[in-house]
Amino acid sequence: AAALAGAGLRAGDRAALIGENSTDMVVALFGAMRVGAWAVPLNARMSADEIDGILLHGEPRIVYLASDSSAEAAVHAARLHAKPAPAALAAGMLQVRGGEAAGTTDAPDRVTGGDGDVALMLYTSGSTGTPKGVMLTHATLDFVTDLSRRQGVMAPGDVVYHALPISHSFGLISSLLCGLRSGATFRLARRFSAQALGQAIIDREVTVFMGVPAMYARLHEWAAQTGRALVPNSLRMIYIGGALLDPARKAQTEALLGLPLHNGYGLTETAPIVSRTFGHPPRADVTTGWPVAGIEVEIRDPQGRVLAPGEAGEVCVRGPNVMKGYFRDPEQTRAALDEQGWLHTGDIGVFGPAGDLSIVGRIKELIVRSGFNVYPSEVEKAIAAHPDVAQCAVVGRRVPDNEEVVAYVEPLAGRDFDVDGLRAFLRDRLAPYKMPGAIHVMARLPASGTGKILKAR
């Protein structure tokens with residue numbers, strides 16, 4: 001904090017942090033928040049144009065680049081003509097922007113920002129493709145991390161294998177911040193490696209793993225190819241997030257690791273928790289669990305009417321987990337947050353009879369085929385049940401006077417894939433109007449740094 005303040009960082013400034021999972025990135029993040037600035041973590045694997053666009057929009061006072069722990073960050077540092085950072089920030093690089101500012105060399109003894117002040121700004125493209133700066137306050141982070149601590153999601157003595165990018169809300173908040181507040185130890189991995197994770201599990205070195213579906217798919221492939229058994233182990237809790245879960249992946253993972261696979265629902269704008277299965281009896285289905293204590297969740301129709309359990313509609317959320325807004329974007333903030341404080345997520349959900357929430361898709365991804373509504377998640381669930389499928393994505397394609405269903409499939413590594421066999425498999429599981437009109441096989445589906453499939457691409 002003293003080093004950043006000495007470089008000119010002040011309360012209310014933005015501090016962009018470019019790197020991957022490393023100790024110095026975590027230290028810089030807490031240092032920026034201690035000063036009262038907004039920490040803006042960015043993945044060094046982003047392109048120059050992506051980084052520059054965010055820096056132009058966010059106008060950070062300083063840019064810290066974790067060049068010692070990330071080759072990509074070093075490339076950005078050279079491109080931005082950054083200078084060596086103070087020794088307290090390890091061997092990284094620092095760029096001071098927006099002119100020199102008077103800073104103090106005294107380390108603040110507490111967080112300068114108040115509860116309602118912004119602590120983090122996370123950039124998310126959502127469904128629009130244009131990055132938006134989601135502003136999350138100290139109060140929001142306090143609520144979410146304290147809730148996780150009280151629920152015992154992670155605990156002192158836990159060792160977390162952490163491969164989720166800390167530039168993303170799932171990795172940064174749900175895993176890192178919640179775990180550190182609970183007293184857990186983190187084993188940081190800059191890049192995900194199924195072999196490294198598998199070996200750590202076999203050697204009983206970790207007790208918690210939180211990952212996205214692609215990570216679990218790679219772990220399954222590694223275990224199958226090497227013939228290594230991953231049970232018994234020392235795992236206490238496994239959690240999946242970042243994308244919709246399918247029953248086949250859940251059952252496969254639980255058999256592989258010998259534990260119930262916990263699941264949840266959230267988005268960057270809710271820091272990023274709305275519901276989760278943790279604290280409830282294990283379920284065989286893929287519900288995203290129950291709304292967490294202290295927040296409100298409603299399912300509404302397009303006219304804003306609250307729907308009954310069993311009826312699908314837009315998920316709306318209100319509570320201390322909801323963002324302050326989008327930075328410098330009042331129009332999109334008003335579109336997402338209404339005057340009563342409800343966040344309109346754009347996700348389609350339904351409450352079950354037991355009060356649990358299931359997500360069935362995005363409003364903008366809904367496919368209308370011959371007058372019937374087709375939720376991509378329904379088709380993806382059926383495809384994912386095929387034993388040779390690692391991942392899949394379903395999108396709609398406009399045709400004259402209609403839409404058709406198009407599927408993209410990533411087979412498990414080493415498997416010969418039979419498209420006609422998949423079609424026969426799906427005929428027993430899907431109504432005719434839900435059947436894909438085209439199936440494309442790809443060695444790897446395009447994905448973000450977090451492993452989230454990029455459907456737009």
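**Questions on terms and values**

Reader: Why is Arg218 called buried?
Author: Arg218 has a relative accessible area of 16%. Buried means under 20%, exposed over 50% and partly exposed in between, with a 1.4 Å probe and protein chains only, so 16% puts Arg218 in the buried class. This is a predicted model, in which local features need pLDDT of at least 70 and side-chain atom pairs count only at pLDDT 80 or more, while totals for chains, interfaces and linings use all residues. Residues are numbered from 1 along each chain as its sequence is written, and side-chain values use heavy atoms, leaving out hydrogens and water.

Reader: What makes the pair of Glu410 and Arg218 a salt bridge?
Author: Their side chains meet at 2.5 Å, N to O. The rule asks for a side-chain nitrogen of Lys or Arg within 4 Å of a carboxyl oxygen of Asp or Glu, so the pair qualifies. Glu410 lies in strand β23 (residues 402-411) and Arg218 in helix α8, so parts 192 residues apart in sequence are tied together. Helices (H or I, at least four residues) and strands (E, at least two) are DSSP runs, numbered from the N terminus. Glu410 is buried too, with a relative accessible area of 0%.

Reader: How many salt bridges does this rule give?
Author: The count is 28. One of them joins the side chains of Arg283 and Asp356 at 3.0 Å, N to O. Arg283 sits in the loop between β13 (275-276) and β14 (290-291), and Asp356 in the loop between β18 and β19, 73 residues apart.

Reader: Which residue stands opposite Glu314 in β18?
Author: Ile348 does. Four bridges join β16 (residues 313-318) to β18 (residues 343-351), and the two run antiparallel. Pairing requires at least two bridges found by DSSP, so these strands pair. β18 also pairs with β19, over five bridges and again in the antiparallel sense.

Reader: Why do β15 and β19 stand at the edges?
Author: The open sheet has four strands in the order β15-β16-β18-β19. β15 (296-300) and β19 (357-362) each have a single partner strand, so one side of each lacks a neighbour in the sheet.

Reader: How do you know on which side of α7 the buried residues lie?
Author: In helix α7 (residues 194-202), the buried residues are Ala194, Leu197, Gly198, Ala200 and Ile201. They cover an arc of only 160° around the axis, so they are on the same side of α7; the arc is that of the directions from the helix axis to the C-beta atoms. Among the elements covering them is α8.

Reader: What does Leu219 touch?
Author: Leu219, in helix α8 (residues 213-226), touches Ala194, Leu197, Gly198, Ile201, Leu230, Leu256 and Leu257, leaving out residues up to four places away in sequence. Contact means heavy atoms within 4.5 Å. Leu219 is buried, with a relative accessible area of 0%.

Reader: How many residues does the largest nonpolar core have?
Author: It has 96, and Leu257 is among those with the most contacts inside it. Such a core is a set of buried Ala, Val, Leu, Ile, Met, Phe, Trp, Tyr and Cys residues joined through side-chain atoms within 4.5 Å.
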